[in-house]
Each structure stands twice: as C-alpha cells, then as structure tokens.
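Subject: Structure for you to look at

Dear colleague,

I am handing over the structure we spoke about, and below it you will find my notes on what turned up when I went through it. Please keep the model open while you read.

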Amino acid sequence: MQRLSNLPDPPNSDEKWKGVQLVMRKHGQSPHALIETLHAVQHAFGYLDRDSLTYVSDALGVPLSKVYGVATFYQYFTLKKPGTHNCVVCTGTACYIKGVPKLVEALKERYGMALDEVSADGSLTLQSACCIGTCGLAPIASVDGEELGRLSAEELLDKLEEVIHGDA
Amino acid sequence: MTEIQSVQIITLTIDGKPVGASGGETILDVAKQNQVFIPTLCHLEGLIPYGACRLCLVEIKGNNKLVPACITKVAEGMEVITNNERLQRFRRWILELLFTERNHVCSVCVANGFCELQSLAEVLGMDHVRLPYLHPKFVVDATHDRFVSDNNRCILCGRCVRVCSDIEGAHTLDIMGRGIKARIVSDLDDDWGNSPTCTRCSKCVQVCPTGAIKEKGRRSVGEKFKHRDVIAHLAEMREAAREED
Ligand code: SF4
Ligand code: FES
C-alpha cells in the first residue's frame, strides 16, 4: 500500500476538495491519477489555478512542470477563471470557409479580445473549438451551450448582448 | 525461479547487408554497430528513446509504413532500408519544417558550428526552405543566473526534459501546450531563476541539440561547445551501480 490517507491538506477549506481527494484515493494516489484528478478539479472549480496545480503535484508526487504540461495540453482544462458567460466559436475547416474569421473580427472589435481569452470584467469567455460536429450549419458558435448555426456577425453580437445584459 | 536468460540472436539485413543483432535492440542500435548512418535529432545515447523528430524514419520491406529506427525493435528476417531518394526527401522536409517553425538564424546563434540541426541540414543537403517562416516571438527566459532558455530556437526534441527528469531526477523542465505553440517551461511556467526544483546541474545545456538552452556568459556566436557523451556515461554508471545492488 502506498501512502494512502495521508494526503496533504488542500490549499483552502472549500468542501469541494473532498471530492477531489476521493478521486485521488480511488486511484491509489498514484501519479497515474493525474488526468483523473485534474478532471475532478476542473469539474469542481471550473478551472485550474496555481494553488490547485501545486496541490495536485504535491499530493500525487508528479513534478510541477509535468502537471503544467498535461493541464495545458488538453483543451478541456482551463487555467483562467472563466467568465460568467461563454461563447465557443468553431474554427474548423467548414466554419472557416463559411466566414468564421468575420465573426472573430466582430468579437474582437466589440469586446477587445481574441479567442481563448476572458473579458476584463469577467462577464464573458471566448473559446475556439476545432469542429463542433455540425458542419452543415456552418458557421457555428455556441452561447452558454446553445448552438447557433448559419450565424452572421450581427446575430452573434446581438445574442451575446442579450445574455450578458440579461444578468443586469 | 532463476534462470539465465538466453540472448536471442536475430538476423536481418540493413541496406541489403546481412547483420546479426540481439533481441530487444532497436534498428538504430544495430545500424550504429554496423557503421550505417541514420540521421537522428531527438535520440541521444543514455536517454530513453522518444520517437519525436521522425528523422530516423526507415523503410521495412513488406511494410508500407515508415518506422522510426530509434524506437523500433529488430525482428528476425527484417529487411531494413535506411537510405534512398524517398527517405532523403522526407528527411529534408522534416528539417525544412523545423527551420520554418522557429527562428534558426545560425549566423547569430551561440550554437553555430555545434548545432545538430545545422549539421544535419548540411549532411542531408537541405540548402533552402520552400515554406514561409513563422517567425514566432517567444519570451526568452534569462532569469536563471547560469542558463538561458530561448524557445525561439527549440525543436521540441524533449532531450532537456528527459535528462532533467530521468537522469537528474529534478524534472524542472517540461513541454507545455501543443502544436506550434508548444514550448519548454520550468515548473508552472515560472521564471527558471526562481525554480525550487532546478539543481543547476547543467545537463540540459549539454544535451540541447540547438542553441535553445545555453550557458550564460557565452555571448558570441559559435561558442556553445558541448559534451553530449557525458549523459551516456552517467546512464551507464547508474546501470552498473544498480546491478551491483
Ligand atoms: S530546449 Fe533544446 S533540448 Fe530542450 S526540447 Fe528544445 S531543442 Fe530539445
Ligand atoms: S531520432 Fe528517431 S524519432 Fe527522433
């Protein structure tokens, strides 16, 4: 048996760490549990911050740089706190040909940020995806999980204003 | 049950010449023993083979896929072709892609004259590049008091990562991200100079095939002489010590 049950203390008192620790225990706290554990952290907190990465490194005995390498390799993991709303723009081939660069340009003009960034006020995350799988509807973006096909720049901007200001 | 493992003897041909090998050896091992040159970049004697650069691709009769010689084990009756027009063309393409991906400007590089990328381009006759250069602008990390990491000259061979983790046991360096954005980081992409894990052993400097990791104080062009065989020596000594235990 390896050093089960003597996991180091989590970085803060958030109850959600219990779930993460459970995942580590379930996998014998072995370095092989890295991806599962990062999944659990991402799921619990919505992103992986420095403290979490350091904790996972420490708890599983995986070097910091390796944890960082894995966390930045997979698109599923995010290292920045996500915005309240989220917009995924497909940059796959079909969407690209059908005019996604125009959408990206319009987003940049309106919000002053590129894909894979979070707005300064924390209200919006822009993400890119390399094919959402419904190329027939190109160009596609999804706003808070709702897929919008055959999209024009105006429609996308209107939709985003609607969800962001719906909060206010 | 202790029994003396009998070494399996394998016969194969390399470029038509019959050669003998023992089971478990790679095509590259056997080619070297028989003075057959196969170009390599990510491979380094003493490090665990990685198969990343694909420069060592060879043909095997009856197999329509090319295989990397550095990680492919020899097999009985194998007919290996290490060099022909097609392989040379592919190898030159790989080099061209490497040259365009980062900023390999030899005339202003500390590794000029000691660079494996440069010398392979010479040996394989890659004398011009047909693709546009990407000219990336990676931040150079010069925070360490002894070393500099310049991702603009990195070919992502992973030698520094492997020597740091497998030989030194520090694992300060690793590769982050993917694709053309992939780069070498220390710890959580922190300043190398403040790394709590770096032991300042300088093995990464010795193994880096280009000028991507260099020692400070070497400002001029062509100063980066390296002792690459030191890693094979260390690995061998370690193996010997283990066997004694
Ligand atoms: S820094 Fe040098 S040794 Fe490390 S991956 Fe890049 S080229 Fe290879
Ligand atoms: S030397 Fe074989 S893949 Fe790099």
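In chain A, strand β1 (residues 85-90) and strand β4 (residues 141-143) pair in the antiparallel sense over three bridges; two strands are taken to pair if DSSP finds at least two bridges between them, and helices (H or I, at least four residues) and strands (E, at least two) are DSSP runs, numbered from the N terminus. Within this pairing, A:Val89 has A:Ala141 of β4(A) as its bridge partner.

Before I go on, a word on conventions: this is a predicted model, in which local features need pLDDT of at least 70 and side-chain atom pairs count only at pLDDT 80 or more, while totals for chains, interfaces and linings use all residues. Residues are numbered from 1 along each chain as its sequence is written, chains are lettered from A and ligands numbered from 1 in the order in which they are written, and side-chain values use heavy atoms, with hydrogens and water left out.

**Chain A**

The two strands above belong to an open sheet of five strands, with mixed pairing and the order β2-β3-β1-β4-β5. β2 (117-118) and β5 (146-148) of chain A are at the edges with a single partner strand each, so one side of each has no neighbour in the sheet. Helix α6 (residues 100-111) of chain A lies across β1 and β3 (124-129), running at about 150° to β1(A); axes here are lines fitted to C-alpha atoms, for helices over the stretch in contact, and angles run from 0 to 180 degrees between N-to-C directions. Helix α7 (residues 153-166) of chain A also packs on the sheet, where it touches β1, β3, β4 and β5 and makes about 15° with the direction of β4(A), contact meaning heavy atoms within 4.5 Å.

Overall, chain A has seven helices and five strands, and its C-alpha atoms fill a box of roughly 60 × 35 × 25 Å along the principal axes.

Two backbone details deserve a look. Most residues other than glycine have a negative phi, and most peptide bonds are trans. A cis peptide bond, with omega about -5°, joins A:Ala138 and A:Pro139, and A:Pro139 lies in the loop between β3 and β4 of chain A. A:Gln29, in the loop between α1 (16-26) and α2 (34-45) of chain A, has a positive phi near 50°.

**Chain B**

Chain B has an open sheet of five strands as well, in the order β2-β1-β5-β3-β4 and with mixed pairing; its edge strands are β2 (17-22) and β4 (63-68), each of which pairs on one side only. Strands β3 (residues 57-60) and β5 (residues 79-81) of chain B run antiparallel and are joined by two bridges, with B:Ile60 opposite B:Val80. Helix α2 (residues 85-101) of chain B packs on this sheet, touching β3, β4 and β5, and its direction makes about 155° with that of β3(B).

**Ligand 1**

Of the 13 residues around ligand 1, those that come nearest are B:Cys154, B:Cys157, B:Gly158, B:Cys160 and B:Cys208, a residue being near if one of its heavy atoms lies within 4 Å.

Best wishes
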